[in-house]
Every structure is written in C-alpha cells, then in structure tokens.
Amino acid sequence: MLHFLKSIFTINNAFLAETEAMKKFLIIGLGNIGTEYSETRHNIGFKILDALANKEQFSFEIAKLGAVGSYKIKGRSVLCLKPSTYMNLSGKAIKYWMDKEKIPLENILVVTDDINLSFGTLRVKTKGSDGGHNGLKDTQLFLQTTSYNRFRFGVGSDFGKGRQVDYVLGEWNEEEKEKLGERLSKSAELINSFVLGGIKNTMNAFNGT
C-alpha cells in the first residue's frame with residue numbers, strides 16, 4: 001500500500017512539474033549589445049522586446065549571458081532574453097536559459113530580423129533553415145534542430161551587391177522610423193498571442209500583417 005501511494009505521489013509530482021513547465025515561455029530577441037547597434041535593423045529583436053517590456057511594464061536586468069526580464073499573463077510566466085553574446089553566438093544563451101528554467105522547446109520564440117521580407121512584415125514559422133542568418137545558425141547548432149518557433153520581422157533588402165552587412169548594421173531611414181512604432185506595438189501583440197493562443201493561431205492571425 002505504501003509503495004502504491006509513493007507511486008501515485010511520484011506520478012502526480014511529475015504531472016505537476018510538466019504542467020508548470022508548459023506554462024513557462026521563453027522569448028528571445030536577437031541583437032548586438034552596445035549603443036552603436038541599438039538603432040540598427042539587425043537589432044530589431046532587442047527593440048521588440050523593449051516594446052513588450054513597455055507594454056507589460058517590466059524591466060530587464062543583467063544576468064548570465066544576457067539581459068532578462070519577466071512578466072505574467074493569464075497564469076503563464078514569460079521570460080524575455082536579450083543575449084549579451086553578440087548575434088553570432090546567440091545559441092549559447094538560449095540553451096542556457098531554456099535548461100535553467102526548464103522551458104520546453106515548443107514554448108520558445110526567437111525574434112529576429114529578415115531581409116527577405118519587406119519592411120515591417122511579420123511572419124511566424126515553426127521550423128526552417130537559418131537563411132544565412134548567423135544568429136539563427138548558432139541557435140540551430142545549440143538546439144540541434146531546425147524545428148523551433150521563430151518570429152521574423154521584415155527589414156527589407158534595399159542594398160546593392162555586397163552591401164548586406166552594411167545594410168543590416170545600418171540605422172532605420174526616416175520613413176521606417178515613422179512606421180516603426182506601430183509595427184513594434186503589433187509585434188508585442190503577436191508575442192502575447194503566441195503565449196496565450198499558441199503558435200498556429202498566431203500564424204493565422206499575424207502572418208503577412
């Protein structure tokens with residue numbers, strides 16, 4: 001009888017732990033640290049998380065491998081991470097915080113810039129290649145899979161041959177600056193939709209908007 005009760009207790013604990021894990025989310029904004037990068041296209045991941053922090057009224061603190069902040073929404077805990085490892089080594093920070101907080105792969109969302117989408121276009125995917133993006137390339141390396149949720153924010157491709165690096169590390173033009181506020185607000189809505197409604201509902205509601 002005692003053995004039976006212990007088994008039930010163990011099963012219940014495991015179920016509760018799994019249930020709690022499913023209510024935890026990790027949102028990662030990719031970018032480069034330093035004021036010289038803060039307003040560049042490549043740092044849109046950081047900028048979107050800053051907009052989310054403003055909306056949900058939380059702040060970031062310096063922690064291991066990045067700046068982290070958190071908030072709760074309808075019973076769910078959301079941890080936001082801006083890696084301090086620079087773009088090319090983002091995977092190390094993502095994997096560390098996933099493991100530390102015991103957050104399942106399906107509950108992470110990586111926010112990044114994308115030159116293959118016109119400015120301000122929002123697109124969410126559940127898998128795909130790195131598309132030549134070094135931040136995604138390192139993420140894939142550390143997670144050992146291409147099947148993870150990513151939120152791509154279009155930055156356009158208005159650059160000449162061989163000028164891609166200069167373009168993504170360049171700052172927004174005046175027209176983009178005017179439209180950026182609304183796009184950041186929409187991006188924060190998208191992240192909360194992912195947390196509350198799941199990846200498929202978010203894809204249906206926001207992709208291409």
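Leu65 counts as buried, with a relative accessibility of 18%, because the cut-off for that class is under 20% relative accessible area. The model is a predicted one. Leu65 sits in the loop that joins strand E2 (61-63) to strand E3 (66-73). Its backbone deserves a look: Leu65 has a positive phi of about 65° and is not a glycine. Most residues other than glycine have a negative phi.

A second residue with a positive phi is Tyr86, where the angle is near 70° and the residue is again not glycine. Tyr86 belongs to the loop between strand E4 (76-83) and helix H3 (90-101). Is Tyr86 buried, partly exposed or exposed? With a relative accessible area of 40%, Tyr86 is partly exposed, since this class lies between the 20% limit for buried and the 50% limit for exposed. Leu65, in its own loop between E2 and E3, is buried at 18%.

The chain as a whole comes next. Its secondary structure consists of 7 helices and 7 strands. Read from the N terminus, the order of elements is α-β-α-β-β-β-α-β-β-α-β-α-α-α. The protein chain has 209 residues, of which 46% count as buried. Among contacts with a separation of 6 or more, 70% are between residues 24 or more positions apart.

Strand E5, residues 108-114, contains Asp114. The relative accessible area of Asp114 is 7%, so the residue is buried. What does the side chain of Asp114 make a polar contact with? The partner is the side chain of Arg152, at 2.5 Å. Leaving aside residues up to four places away in sequence, Asp114 touches Arg152, Phe153, Gly154, Val155 and Gly156.

The helix pairs remain. Two packed helices are described by the angle between their axes and by the distance between those axes. On the H3 side the contact involves Ser90, Gly91, Lys92, Ile94, Lys95 and Met98, which meet Gly135, Asp138, Thr139, Phe142 and Leu143 of H4. By type, the residues of this contact are 4 nonpolar, 4 polar and 3 charged.

The other pair is formed by helix H6 (residues 174-197) and helix H7 (residues 199-206), whose axes come within 7 Å and cross at roughly 150°. Why is H6 described as roughly antiparallel to H7? The crossing angle is roughly 150°, and angles over 145 degrees count as roughly antiparallel, which means that H6 and H7 fall into that class. H6 passes H7 in a right-handed crossing. H6 contributes Lys186, Glu189, Leu190, Ser193, Phe194 and Gly197 to the contact, while H7 contributes Ile199, Asn201, Thr202 and Phe206. These residues divide into 4 nonpolar, 4 polar and 2 charged.

Definitions and conventions
Residues are numbered from 1 along each chain as its sequence is written. This is a predicted model: local features need pLDDT of at least 70, side-chain atom pairs count only at pLDDT 80 or more; totals for chains, interfaces and linings use all residues. Side-chain values use heavy atoms; hydrogens and water are left out. Axes are lines fitted to C-alpha atoms, for helices over the stretch in contact, and angles run from 0 to 180 degrees between N-to-C directions. Helices (H or I, at least four residues) and strands (E, at least two) are DSSP runs, numbered from the N terminus. Angles under 35 degrees count as roughly parallel, over 145 as roughly antiparallel, 65 to 115 as roughly perpendicular and the rest as oblique. A crossing is left-handed if the near helix is turned anticlockwise from the far one by less than a right angle, and right-handed if clockwise. Contact means heavy atoms within 4.5 Å. Ala, Val, Leu, Ile, Met, Phe, Trp, Tyr, Cys and Pro count as nonpolar, Asp, Glu, Lys and Arg as charged, and the others, Gly among them, as polar. Buried means under 20% relative accessible area, exposed over 50%, partly exposed in between (1.4 Å probe, protein chains only). A polar contact is a pair of N or O atoms within 3.5 Å; within protein, one must be able to donate a hydrogen and the other to accept it, and residues adjacent in sequence count only if both atoms are side-chain atoms.
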